[in-house]
Protein chains: 2
Amino acid sequence: MSNPKKIQSLRRNFFSYRIYLFPLKMAGYARPDRHPRPGRPSNQDRTMSLVAVGTVAFDDIVTPFSRAERVVGGACTYISLAASYFVKPVRIVSVIGDDFPEETLDYLRAQGVDLEGLQIKAGEKSFFWAGKYDRDLNSRDTLDTQLNVLADFDPVLPEGYRDAEYLMLGNLTPQVQMRVLEQLKSRPKLVALDTMNFWMDTALDDLLKVLKKVDVLTINDEEARQLSGEHSLLKAAQVIRNMGPKYLVIKKGEHGALLFHGDDMFFAPALPLIEVIDPTGAGDTFAGGFAGWLAQSGDLSFDNMKRAVIYGSAMASFCVEKFSIERLKGLTPAVIRDRVQKFADLVHFQI
Amino acid sequence: MSNPKKIQSLRRNFFSYRIYLFPLKMAGYARPDRHPRPGRPSNQDRTMSLVAVGTVAFDDIVTPFSRAERVVGGACTYISLAASYFVKPVRIVSVIGDDFPEETLDYLRAQGVDLEGLQIKAGEKSFFWAGKYDRDLNSRDTLDTQLNVLADFDPVLPEGYRDAEYLMLGNLTPQVQMRVLEQLKSRPKLVALDTMNFWMDTALDDLLKVLKKVDVLTINDEEARQLSGEHSLLKAAQVIRNMGPKYLVIKKGEHGALLFHGDDMFFAPALPLIEVIDPTGAGDTFAGGFAGWLAQSGDLSFDNMKRAVIYGSAMASFCVEKFSIERLKGLTPAVIRDRVQKFADLVHFQI
């Protein structure tokens, strides 16, 4: 018989969440504001800053259809690359060894990712994860995990990072996430945090402490159920928001995402695709698009949060179309806008 | 490890699809046409008729939270009751023994369900199914199946049924579904068919024959993959529509439903609920709401098909809130409209 708990723990084993960092510099993303909302702040008036925290890593990936060896991965990599299409600089906090490809770092820099907070440890190796996906691409086994530089990672925020307006804490130990928060000079406008069942199992007290300090939590449906002890996602959302985050995003992978705030609820579909090559990094890419959109727009209304969920979902839909970060390279505002329009068309109806 | 095929086959074992029949008579359902579409036919100008085929049965149901014994169930029961809120008469084709509660039959009659095509076998027992749901309510085991009157069911369409404009062939053997089609005097405006993996495994040739004769097929995601041999639902939809049905609805349970036609695609979410009591009959209720809406509106445009999927989803969202058909009793146009509005609010965003 099936064992949903086991499947779930395989699905999102901790080191399926990695962080890589890649600075991408693009012209500012032009928001396709076809429904102008008077009174919203103009992007031109503000200096936007987004700090992204997480792993930067190498992955070996096996899917039922193909495989990739020692490709660039990591939560911070996906977050920063996705966010770079909306806001710059994206300032990353992570650690690598001296084995990491310089060309990838150059690419990230060129995309507007600030690498000052990326520690490079001479003579050490970058974090490595190997995983294999099941037939349906919804679950995966971890084949190998080599912490390397991540084993004793102590995040240090450069001075220029400490007044971050937007902070995306990618999946890492809750202690490291808290260490980053402690180094800020002032409370950001928005703190979002991604976590997973691994930390609920092994560091729940620390997780609950850091949850008190964040505005947005992003987790998947099974994790929401685990964290809340409630099966109904509606009930789970209420319990979790009493733990601290005013906003909750429940990611359901190929089944879309739910956003909760107060009495409001929003559902964003996932876009059916001709072919999914590799789901790795989709959740991180979602987080990057979500946080990047918010940082770019500076609008924390629920209507704009909904847009952020759609932009995050759109970026994730690109991510899974190729291995590693390949499909996230060289996107244009027009291509992203077209993808977002597909989401709008997909769910539009009139009663 | 998980075995998706096994879970799937447990999830929709054939006799989880039953047919009951209950005539409900209500004032004509007033379509909340807040976006009037000039040129659409007025309901008042047409005589609408919907024929629903399927099982009428007793169920024993065990969920992780509760249980129900010998309650009214069956695909045709759910289909006809859901459809009765949109169109009447709903003419049913099914079979029961003389053990079936007269009050349920009276209730269906009162709701506008025409029972002329319901065979009542003296001295025989109605079809019985017993099932137990897993913790997540997404999979179930069949505990008992007693075919009884269904063992040698030969559907006979009364004369008044043979010019049906809309036909909903609920899940049954493809041979029985074909027998119904053969008795029609003329081609209905729309024939919709529900089936499942059981028939793909045991009667594929017959299923393929009947598929050539239908306009709409409703199946779930795993069945779409099985029938097409394609993992991508986009590819699966293309393959299946080459088998006959111009329209394909892929039901994803708590994850919503997809509608495909030509190059068009539409996604309807499922409504997150505070509590799901019993998923039994949700797929049939969806089919009833879907077909009922189409029969009522007489509009087969893609835009109206989208509405039909939403109305079907809304009716299914009621169904799961109580055991058996209890939550489907006593609904009003206003209550249904409010539920549909919740679907609209859930996915609405502006880019």
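In the predicted model, B:V113 lies in strand 5 of chain B, which spans residues 113-114. The relative accessibility of B:V113 is 4%, so this residue counts as buried, the cut-off for that class being under 20%. B:P89 is 24 residues away from B:V113 along the chain, yet the C-alpha atoms of the two residues are separated by 5.5 Å.

Elsewhere in chain B, helix 10 (residues 302-319) packs with helix 11 (residues 333-347). Two packed helices are described by the angle between their axes and the distance between the axes. For helix 10 and helix 11 of chain B, the angle is about 110 degrees and the axes are 9 Å apart. The two helices are therefore roughly perpendicular to each other, as angles of 65 to 115 degrees are classed in this way. Helix 10 of chain B contributes B:I310, B:Y311, B:S313, B:A314, B:M315, B:S317 and B:F318 to the contact. From helix 11 of chain B, the contact involves B:V335, B:I336, B:R339, B:V340 and B:F343. Sorted by class, the residues of this contact comprise nine nonpolar, two polar and one charged.

In chain A, strand 8 (residues 127-133) and strand 9 (residues 140-146) run antiparallel and are joined by six bridges. Within this pairing, A:G131 has A:T142 of strand 9 as its bridge partner. The two strands form a hairpin with six residues between them. In this hairpin, A:L137 adopts a positive phi near 65 degrees.

Methods
Residues are numbered from 1 along each chain as its sequence is written. Chains are lettered from A and ligands numbered from 1 in the order in which they are written. This is a predicted model: local features need pLDDT of at least 70, side-chain atom pairs count only at pLDDT 80 or more; totals for chains, interfaces and linings use all residues. Side-chain values use heavy atoms; hydrogens and water are left out. Two strands pair if DSSP finds at least two bridges between them. Helices (H or I, at least four residues) and strands (E, at least two) are DSSP runs, numbered from the N terminus. Axes are lines fitted to C-alpha atoms, for helices over the stretch in contact, and angles run from 0 to 180 degrees between N-to-C directions. Angles under 35 degrees count as roughly parallel, over 145 as roughly antiparallel, 65 to 115 as roughly perpendicular and the rest as oblique. Contact means heavy atoms within 4.5 Å. Ala, Val, Leu, Ile, Met, Phe, Trp, Tyr, Cys and Pro count as nonpolar, Asp, Glu, Lys and Arg as charged, and the others, Gly among them, as polar. Buried means under 20% relative accessible area, exposed over 50%, partly exposed in between (1.4 Å probe, protein chains only).
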